[in-house]
Amino acid sequence: MQELFVPLAVESFRRDGGRQPGETRCFSPLANVTVREARPRLGARDVPLMAETDIAVVEAVIGSDLYRQSLRLREAILRAPLGLSLTQEELADDVTRQHFCAIFQGIAVGTVSLKPLDEATLQLKQMAVAEDRRRERIGARLLTHAEVWGRGAGFRLMVLHARIGADGFYARFGYLAEGDPFEENTLPHVKMSKPLG
Ligand SMILES: CC(C)(COP(=O)(O)OP(=O)(O)OC[C@H]1O[C@@H](n2cnc3c(N)ncnc32)[C@H](O)[C@@H]1OP(=O)(O)O)[C@@H](O)C(=O)NCCC(=O)NCCS
């Protein structure tokens with residue numbers, strides 16, 4: 001097999017639209033990558049061409065490959081460590097929910113689901129980011145996407161059951177805790193909510 005080396009180095013993910021002299025931008029629905037010709041360095045090897053992509057948040061339609069990936073993330077992150085599995089009841093309820101995935105190079109690295117409770121209220125459920133991709137703002141992207149989607153669909157309030165430990169994450173985005181902690185799926189949780197108005 002032939003190895004492909006080109007004199008390019010991935011310089012940065014550039015979300016601000018800025019561009020430096022000598023940079024080339026590559027666009028695809030999943031990519032927003034800036035590459036720059038590698039500066040010649042004494043003894044430096046050519047760098048392999050990397051198909052780096054940014055994170056995109058997309059809908060995971062039930063029955064799609066992406067939905068199956070989201071189920072694997074939910075099982076691996078939210079259930080297996082607790083000795084639990086997604087139940088048939090939960091899977092059946094999935095048809096009432098909207099599902100989104102954060103994807104990197106076509107692979108789901110985060111997921112979230114939204115369940116309408118009534119005309120005004122949306123419940124955020126099953127928020128999970130792959131363990132090796134945490135603290136990269138993927139959770140923030142999913143949460144923001146969920147809120148924008150909810151607002152656009154006419155919902156006025158987002159509610160959720162936060163695991164104690166993850167409640168600080170939601171608090172950073174303006175969610176307020178209410179009531180006493182309670183147990184769900186063997187872990188203590190607290191109710192949180194945020195107006196979408
Ligand atoms: C909670 C979780 C979704 C956060 O996702 P993430 O991609 O790591 O979070 P982000 O990188 O987007 O973090 C955004 C901000 O929240 C902060 N944050 C992230 N996790 C946090 C936590 N557990 N407690 C307090 N703050 C947290 C980050 O430091 C960052 O702060 P900043 O805006 O000041 O920089 C992720 O840790 C996860 O999947 N955990 C396991 C499953 C879980 O607990 N899900 C929630 C069920 S209710």
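Which exposed residues does the face of α3 turned away from its buried side carry? Val148 and Gly152. The notes below take α3 in its setting, then the other elements. The model is predicted.

1. **Overall make-up.** The protein chain contains 4 helices and 12 strands. It has 197 residues, and 22% of them count as buried. Consider the contacts with a separation of 6 or more: residues 24 or more positions apart account for 57% of these.

2. **Length of α3.** Helix α3 runs over residues 138-152.

3. The buried residues here are Ile138, Gly139, Leu142, Leu143, Ala146 and Gly150. Viewed down the helix axis, these buried residues fall within an arc of 135 degrees, so they line one face of α3. Val148 and Gly152 are exposed on the face turned away from that buried side.

4. **What α3 packs against.** The partners of its buried residues are β6 (56-59), β7 (98-104), β8, β9, β10 and α4. After the helix comes glycine 154, with a positive phi near 95 degrees.

5. **Helix α1.** This helix also has 15 residues. From first C-alpha to last it reaches 20 Å, close to the 21 Å expected at 1.5 Å a residue. Leu66, Ser70, Leu71, Leu73 and Arg74 are its buried residues. Their arc around the axis is only 165 degrees, which puts them on the same side of α1. Asp65, Arg68 and Arg72 are exposed on the other side. The buried residues of α1 pack against β7, β8 and β9.

6. **The nonpolar core.** The largest nonpolar core has 30 residues. Those with the most contacts inside it are Phe100, Cys101, Ala102, Leu124, Leu142 and Ala146. At least two core residues come from each of α1, β7, β8, β9, α3, β10 and β12 (187-195). Strand β9 gives the most, with 5 residues.

7. **Leucine 124.** Setting aside residues up to four places away in sequence, leucine 124 touches Val112, Leu114, Ala146, Met158 and Leu160. One of these, Ala146, is a buried residue of α3.

8. **The ligand shell.** There are 19 residues around the ligand. The closest are Arg134, Gly139, Ala140, Gly168 and Phe169. Five elements each supply at least two residues of the shell: α1 (65-79), β9 (121-129), α3 (138-152), β10 (157-163) and α4 (167-171). By class, the shell has 10 nonpolar, 3 polar and 6 charged residues.

9. Most residues other than glycine have a negative phi. Glutamine 105 has a positive value, near 50 degrees. It is placed in the loop between β7 and β8. Glutamine 105 has 12 other C-beta atoms within 10 Å, so it counts as exposed. Arginine 135 likewise has a positive phi, near 60 degrees. This arginine is found in the loop between β9 and α3. Arginine 135 counts as exposed because it has 8 C-beta neighbours inside 10 Å.

10. **Proline 116.** This proline is in strand β8 (residues 107-116). Why does proline 116 count as partly exposed? Because it has 16 other C-beta atoms within 10 Å, and the partly exposed class lies between 12 or fewer (exposed) and 20 or more (buried). Glutamine 98 is 18 residues from proline 116 in sequence, and their C-alpha atoms are 8.7 Å apart.

11. **Proline 188.** Strand β12 holds this residue. Proline 188 has 14 C-beta neighbours inside 10 Å, so it counts as partly exposed. Leaving aside neighbours within four places in sequence, it is in contact with Ile164, Pro181 and Glu183. Its C-alpha lies 9.2 Å from that of glycine 165, which is 23 residues away along the chain.

Terms used:
Residues are numbered from 1 along each chain as its sequence is written. This is a predicted model: local features need pLDDT of at least 70, side-chain atom pairs count only at pLDDT 80 or more; totals for chains, interfaces and linings use all residues. Two residues are in contact if their C-beta atoms, placed from the backbone, lie within 7 Å. A residue is near a molecule or strand if its C-beta atom, placed from the backbone, lies within 6 Å of it. Ala, Val, Leu, Ile, Met, Phe, Trp, Tyr, Cys and Pro count as nonpolar, Asp, Glu, Lys and Arg as charged, and the others, Gly among them, as polar. The arc is that of the directions from the helix axis to the C-beta atoms. A nonpolar core is a set of buried Ala, Val, Leu, Ile, Met, Phe, Trp, Tyr and Cys residues joined through C-beta atoms within 7 Å. The expected span of a helix is 1.5 Å times one less than its number of residues.
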